[in-house]
Amino acid sequence: PLRFHPGETEYFQIRFKTTGCETDADKTPRVVLEYYYTKDGVYGYATDVVGSYSLKNGEYQTVTIPLTESFKTAGEILCFGIRFQHIKSTNGSVNIDYIAIGQSHELP
């Protein structure tokens, strides 16, 4: 388990590159940080950290998303995952360069 204490974190940032992907019709590509957490002894699941981007195959992109109060006030973040919504491909890929969670002055 991750057991991350969010404390004074402000942002989630991810740098990635798509290859051979396209957007779903009439939808905007999004990055979603999903996470399991504890707060006051209760377990929870959330998908409320969401950021949009423009699909640019072959180029690295950096998306910085403000963290929600739910994330910042959790007792512990137990684990998290990342979803790339509204993109599709038969042989495409998403290549993640880095993931960062922290205060604005700490981000790459």
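**Conventions.** I worked from a predicted model, where local features need pLDDT of at least 70, side-chain atom pairs count only at pLDDT 80 or more, and totals for chains, interfaces and linings use all residues. Residues are numbered from 1 along each chain as its sequence is written, and side-chain values use heavy atoms, with hydrogens and water left out.

**Count.** I looked up the salt bridges (a side-chain nitrogen of Lys or Arg within 4 Å of a carboxyl oxygen of Asp or Glu).

**Arg3 and Glu76.** Arg3 sits in the segment before β1 (11-19) and Glu76 in strand β6 (residues 76-85), 73 residues apart. Strands here are DSSP runs of E, at least two residues, numbered from the N terminus. I then checked accessibility: buried means under 20% relative accessible area, exposed over 50%, partly exposed in between, with a 1.4 Å probe and protein chains only. Arg3 is partly exposed at 41%, whereas Glu76 is buried at 17%.

**Asp97 and Arg15.** I found the closest N and O atoms of this salt bridge 2.7 Å apart. Asp97 lies in strand β8 (residues 93-102) and Arg15 in strand β1, so the pair ties together parts 82 residues apart in sequence. Asp97 is partly exposed at 42%, and Arg15 is partly exposed at 27%.

**Arg83 and Glu34.** I read 2.9 Å, N to O, for this salt bridge. Arg83 is in strand β6 and Glu34 in strand β3 (residues 30-39), 49 residues apart. Arg83 is partly exposed at 41%; Glu34 is buried at 17%.

Key: Helix = DSSP H or I, 4+ residues; strand = E, 2+ residues; numbered from the N terminus.
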